[in-house]
Amino acid sequence: GTNNFTVTNQTFMSGNYSYNVLHLLCGIVSCGEIVANGFLQIHANTIILEASTSISGDSMYWGGSGVGGSAQQSSSGLSDGGGGAGHDGAGGDGGVPKGSNSNGGSSYGNGTENGSSGGNVSSSSSSVLSTGGRGGGNIELYAITIEVNGTISVNGENGDHGAAPPGGTGSGGSGAGGGSAGSLKIHSSTVYVGQTGMISAEGGD
């Protein structure tokens with residue numbers, strides 16, 4: 001691209017974009033934050049993220065091909081935890097009061113997909129008590145040079161904690177499963193990650 005684009009506040013983007021220089025920096029009242037609200041692909045000669053700025057596709061999607069298994073409480077209020085979502089690998093199994101569990105989500109894809117959501121925990125009457133985390137999105141960045149002093153991420157969301165016990169005493173309910181990370185592709189001749197920089201594709205807890 002031939003145009004320069006400077007971002008100093010929260011900006012929602014999806015689709016394909018082309019720039020000469022994409023520069024995220026902090027202004028007087030806010031910092032540059034590109035939030036992907038769908039698949040996002042950016043081509044540029046130079047991409048610069050100053051400290052406290054971000055390009056993120058975190059916690060975006062329900063469902064998916066690797067959804068964690070849900071759990072339901074028994075009449076006594078006990079239940080397994082919701083399963084973590086899978087993506088590149090299988091999701092983690094939810095915790096159990098006793099015995100074993102195998103409700104982690106399946107692995108899928110080749111690294112070009114959205115993440116999946118974690119499993120819920122419901123009451124014995126099927127009311128959702130704890131909701132699984134959403135999966136991360138899909139971002140592709142192509143540039144000759146990328147300087148990262150901020151954050152680039154496609155993380156999955158944490159699942160809800162277990163429901164509080166009646167009356168506030170005793171053991172609480174089991175927690176829901178975390179969402180899986182999405183996909184992040186960075187293609188560049190030079191990637192510089194500074195002391196304040198972070199590149200992350202992590203599943204939720």
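Trainee: What should I keep in mind about numbering and confidence before reading anything else?

Mentor: This is a predicted model, in which local features need pLDDT of at least 70 and side-chain atom pairs count only at pLDDT 80 or more, while totals for chains, interfaces and linings use all residues. Residues are numbered from 1 along each chain as its sequence is written, and side-chain values use heavy atoms, with hydrogens and water left out.

Trainee: How do I read the pairing of strands, and which strand does E1 join?

Mentor: Strands of a sheet pair through backbone hydrogen bonds, either parallel or antiparallel. Strands (E, at least two residues) and helices (H or I, at least four) are DSSP runs numbered from the N terminus, and two strands count as paired if DSSP finds at least two bridges between them. Here strand E1 (residues 5–7) is joined to E2 by three bridges and the two run parallel, with Val7 standing opposite Leu24 in E2. E2 is in turn joined to E3 by 13 bridges, again in parallel, and Phe12 stands opposite Val35 in E3.

Trainee: How many bridges join E3 to E8, and how many join E8 to E10?

Mentor: Nine bridges join strand E3 (residues 33–49) to E8, and these strands run parallel; His43 stands opposite Tyr142 in E8. Ten bridges join E8 to strand E10 (residues 183–193), also in parallel, and there the bridge partner of Ile146 is Val191 in E10.

Trainee: What is the order of the open sheet of three strands?

Mentor: That open sheet has the order E5-E6-E7, with mixed pairing, and its edge strands are E5 and E7, each of which pairs on one side only. E5 and E6 are joined by two bridges and run parallel, with Val121 in E6 as the bridge partner of Ala71.

Trainee: How is burial judged, and is Ser54 buried or exposed?

Mentor: Buried means under 20% relative accessible area and exposed means over 50%, with partly exposed in between (1.4 Å probe, protein chains only). Ser54, which lies in strand E4 (residues 54–56), counts as buried because its relative accessibility is 14%. Contact means heavy atoms within 4.5 Å, and, leaving aside neighbours within four places in sequence, Ser54 is in contact with Leu24, Gly32, Glu33, Ile34, Leu49 and Thr151. On the scale of a whole strand, E8 (residues 138–148) is mostly covered, since eight of its eleven residues are buried.

Trainee: What does Thr11 touch?

Mentor: Thr11 is placed in strand E2 (residues 10–24) and counts as buried because its relative accessibility is 19%. Not counting residues up to four places away in sequence, Thr11 touches Glu33, Ile34 and Val35. A polar contact is a pair of N or O atoms within 3.5 Å, where within protein one must be able to donate a hydrogen and the other to accept it, and where residues adjacent in sequence count only if both atoms are side-chain atoms; the side chain of Thr11 makes such a contact with the side chain of Asn9 (3.3 Å).

Trainee: Which residues have the most contacts inside the largest nonpolar core?

Mentor: A nonpolar core is a set of buried Ala, Val, Leu, Ile, Met, Phe, Trp, Tyr and Cys residues joined through side-chain atoms within 4.5 Å. The largest one has 20 residues, and those with the most contacts inside it are Leu22, Ile34, Leu40, Ile47, Ile55 and Leu141. E2, E3 and E8 each supply at least two residues of this core, and its largest share, seven residues, comes from E3. Leu40 touches, among others beyond four places in sequence, Met13, Tyr17, Ile34, Ile55 and Ile139.

Trainee: How many salt bridges does the structure hold, and where do the partners lie?

Mentor: A salt bridge is a side-chain nitrogen of Lys or Arg within 4 Å of a carboxyl oxygen of Asp or Glu. The structure holds one, in which the side chains of Arg134 and Glu157 meet (3.0 Å, N to O). Arg134 lies in the loop between strand E7 (128–130) and E8 and Glu157 in the loop between strand E9 (151–153) and E10, so the pair ties together parts that are 23 residues apart in sequence. Arg134 is partly exposed at 26% relative accessible area, and Glu157 is partly exposed at 24%.
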